[in-house]
Amino acid sequence: MAKITLENLAHSYLPNPKHEDDYALKELNHDWVDGEAYALLGSSGCGKSTLLNIISGLLHPSQGRILFNDKDVTNAPTTQRNIAQVFQFPVVYDTMTVRDNLAFPLRNRGADPSYIKDRVQQIAAMIGMEATLDHKARGLTADAKQKISLGRGMVREDVNALLFDEPLTVIDPHMKWELRTQLKSLHQEFGHTMIYVTHDQTEALTFADKVVVMYDGRVVQMGTPRELFETPEHTFVGYFIGSPGMNVLAADVQGDKAVIGGTQISLGKGFGAPQGQVEVGVRPEFASLATGDAGLPVTIKRVEDVGRHKIVRADFQGAEINILAGEGETISPDMNRVVFDTAGVNVYSNSWRVTPEVA
Ligand code: ADP
Ligand code: MG
C-alpha cells in the first residue's frame with residue numbers, strides 16, 4: 001500500500017498546449033493518504049479518468065511527477081506500479097473460466113497454488129459467483145462479466161492501490177448496493193488506498209471517507225461528506241452535492257451584511273469586502289419560509305412532497321430558491337419571505353468561498 005503524491009501534475013491531450021483550456025487536467029498538487037478510501041466525484045468529461053489513468057500509468061502526464069511512498073514512478077510502466085484498476089466496462093478473458101480469470105493476477109505474480117485456490121473462492125463469494133466458477137466467461141451477461149472484473153481487481157492483497165473507474169455502471173441497482181458494501185468492507189479489512197470514480201453523489205458519499213470533487217479539469221474540493229455539505233469551497237460543489245443543491249444568489253457583500261436584489265440581509269459574521277462576482281450560497285436545509293418583512297420577498301411556486309420532507313420551490317425575482325421544510329410543517333400561501341439560518345450561509349467571490357472573519 002502506498003501514499004500517492006501528485007506534484008505539479010497536469011495533462012493535455014494536445015501536442016502543444018498553450019492555454020489553460022487546452023488541459024484536460026489542470027495543474028494539481030495532491031497527496032492521497034495511504035490506506036484511505038477516496039471517491040473522485042464529478043460530471044462526465046471533467047477529467048476523472050484522465051487522472052486515474054495517470055496514477056496507474058496508462059497515461060503519461062504532460063507535466064509533473066507521481067510519487068508512490070516518495071519514490072518517483074512518473075516513468076515507471078503500469079506493471080511496476082503494482083496497482084489494480086477496474087474500468088467502467090468489463091475486461092475479461094472470454095475463453096477462460098471465471099476461476100481462471102480471477103486467478104490470473106495471482107498466477108501472473110507466481111503465487112502459491114493453494115493460496116490461489118482459497119483466495120479465488122473467497123473473492124467468488126464476495127461477488128456472488130461461486131456457482132459459476134467453472135463456466136467460461138464467454139456467454140455470461142455484461143453484469144456478470146463486470147463482477148469478474150471487479151473480483152480480479154480485488155484478488156491481490158499486495159497492491160499499492162485499488163482504482164475503480166465507475167465500475168458499477170453496467171451492474172443492476174440492487175447488486176450495485178451490495179457490491180459497494182463489499183468494496184467498503186474490503187477496504188476496512190485490508191486498508192488499501194482506494195480511489196473510486198463516480199459521477200453519482202450518493203455513491204461517493206456512501207463509499208468514501210474523503211470525497212474529491214472535480215470540475216472542469218480541476219480538483220475544487222477534497223473533504224468529508226460533512227465538509228462538502230457545510231462549507232462547499234466552490235459554488236460547483238454547492239450545486240452538485242445535495243438534492244436540491246445549494247441556492248446561489250448574486251449579492252453585494254460588505255462586512256456582515258449582504259444586499260440581494262435590493263433587500264438587505266444579515267450574514268451573522270463578517271466577510272470583509274469581497275471583490276469580483278460576489279454570491280451568497282445557502283443550502284435549502286438552511287432556508288425557511290416566513291411571513292412579515294424580514295428576509296427576501298418570494299412567491300411560492302410549488303411544493304413537492306418527497307417523503308421525509310418537502311421541497312418548496314419559490315420564485316425570487318425570476319430566480320428559483322429551494323427551501324426544505326419538515327414533513328409536518330404547514331406551508332401557507334401568505335408565507336412571502338425566505339429567511340436564512342446564518343449558520344448555513346457562505347459567501348463566494350468568483351465562485352470560490354470567502355473565509356469568514358473570526359469574531
Ligand atoms: P471523465 O472521466 O471525468 O468523464 P475524461 O478524463 O475521460 O473525463 O476526459 C476529460 C477531457 O479530456 C474531456 O474533455 C475528454 O473529451 C478529453 N479526453 C479524454 N480522453 C481523450 C483522448 N484520448 N484524446 C483526447 N481527448 C480526450
Ligand atoms: Mg471517465
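**Exercise 1.** How many aromatic pairs does the structure hold?

*Solution.* This is a predicted model, and the structure holds 7 aromatic pairs. Let us take one of them, tryptophan 32 with tyrosine 38: the ring centres lie 4.9 Å apart and the planes meet at 80 degrees, so the pair is edge-to-face. The cut-off behind this step is that planes over 60 degrees apart count as edge-to-face.

**Exercise 2.** Decide whether tryptophan 32 and tyrosine 38 are buried or exposed.

*Solution.* Start with the cut-off: buried means under 20% relative accessible area. Tryptophan 32 has a relative accessibility of 1%, so tryptophan 32 is buried. Tyrosine 38, at 0%, is buried too.

**Exercise 3.** Now work out how the rings of phenylalanine 164 and tyrosine 196 are arranged, and where they sit in the chain.

*Solution.* First, the geometry: with centres 6.1 Å apart and planes at 45 degrees, the pair is tilted. Next, the location: phenylalanine 164 belongs to strand β7 (residues 161-165) and tyrosine 196 to strand β8 (residues 193-198), so the pair links distant parts of the chain, 32 residues apart.

**Exercise 4.** Describe the protein as a whole.

*Solution.* Begin with the elements: the protein has 9 helices and 23 strands. Of its 359 residues, 50% are buried. Last, look at contacts with a separation of 6 or more: 65% of them are between residues 24 or more positions apart.

Definitions and conventions. Residues are numbered from 1 along each chain as its sequence is written. Chains are lettered from A and ligands numbered from 1 in the order in which they are written. This is a predicted model: local features need pLDDT of at least 70, side-chain atom pairs count only at pLDDT 80 or more; totals for chains, interfaces and linings use all residues. Side-chain values use heavy atoms; hydrogens and water are left out. Rings of Phe, Tyr and Trp (its six-membered ring) pair if their centres lie within 6.5 Å; planes under 30 degrees apart count as stacked, over 60 as edge-to-face and the rest as tilted. Buried means under 20% relative accessible area, exposed over 50%, partly exposed in between (1.4 Å probe, protein chains only). Helices (H or I, at least four residues) and strands (E, at least two) are DSSP runs, numbered from the N terminus. Contact means heavy atoms within 4.5 Å.
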